[in-house]
Amino acid sequence: MAGLTALGRVLHEEHFRHLVWMCDLQNRVTGEAGRQCPDLDNEQDKEEMHDLIGFLDQVMAHHAFEEDVVFPLLRAQSDTELANLLTDEHAAIEPTAHLLRTLALDILRHGGGNGRWPRFRRVAQKLFSEMIDHLEKEELILLQRLDSLLDAETDHQLALQHVSARLLPVVTPTT
């Protein structure tokens, strides 16, 4: 995206990956595909559930970075209202993401029976709605303002710091 700072480009890239993941998840839980519970004898189905768990962990790390680093910058510039709005949205999204992660683990351990798959589908659709709205706000409001919040050196250092943290291995739970 033209005109973004270095940190803005890093966060934009993450938002894009989140969007792709959420669209893939939405496609998996709706329509014909959604009627098919993951087959635990199928390695691809199991891998997709493990990947989803890893993705949800990445979303939590992304939110933590924004809350610990980016939102305080907004508050320092007297934009407490926007920082609080985005923090409140994280607070609404995260329980849904944690629940979806727990349901994914339950499905990996016990299968989709006993209502686990229909519940997983409902929670996934709720997360999709929450995340799409939130990503749009951050893209249109937050990322466009980073150049006024950060000097070039700080922006560059924060981008490097965040990229370095992302390169740490993601531990995916085993079944």
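The questions and answers below concern a predicted model.

Me: What share of the chain's residues count as buried?
Reply: A residue counts as buried at under 20% relative accessible area. The chain has 175 residues, and the buried share of them is 43%.

Me: Among contacts between residues at least 6 apart in sequence, what percentage join residues at least 24 apart?
Reply: Contact here means heavy atoms within 4.5 Å. Of the contacts in the chain between residues at least 6 apart, the share joining residues at least 24 apart is 81%.

Me: How far does α7 reach from its first C-alpha to its last?
Reply: Helix α7 covers residues 152-166, which is 15 residues. At 1.5 Å a residue, the expected span is 21 Å. The reach in the model is close to that, at 21 Å.

Me: Why do the buried residues of α7 lie on the same side of the helix?
Reply: The buried residues of α7 are D155, L158, A159 and H162. They lie on the same side of α7 because the arc they cover around the axis is only 100°.

Me: Which residue's side-chain oxygen reaches the backbone nitrogen of E153?
Reply: The pair lies at the start of α7, with the oxygen within 3.1 Å of the nitrogen. The side-chain oxygen belongs to D151.

Methods
Residues are numbered from 1 along each chain as its sequence is written. This is a predicted model: local features need pLDDT of at least 70, side-chain atom pairs count only at pLDDT 80 or more; totals for chains, interfaces and linings use all residues. Side-chain values use heavy atoms; hydrogens and water are left out. Helices (H or I, at least four residues) and strands (E, at least two) are DSSP runs, numbered from the N terminus. The expected span of a helix is 1.5 Å times one less than its number of residues. Buried means under 20% relative accessible area, exposed over 50%, partly exposed in between (1.4 Å probe, protein chains only). The arc is that of the directions from the helix axis to the C-beta atoms. A polar contact is a pair of N or O atoms within 3.5 Å; within protein, one must be able to donate a hydrogen and the other to accept it, and residues adjacent in sequence count only if both atoms are side-chain atoms.
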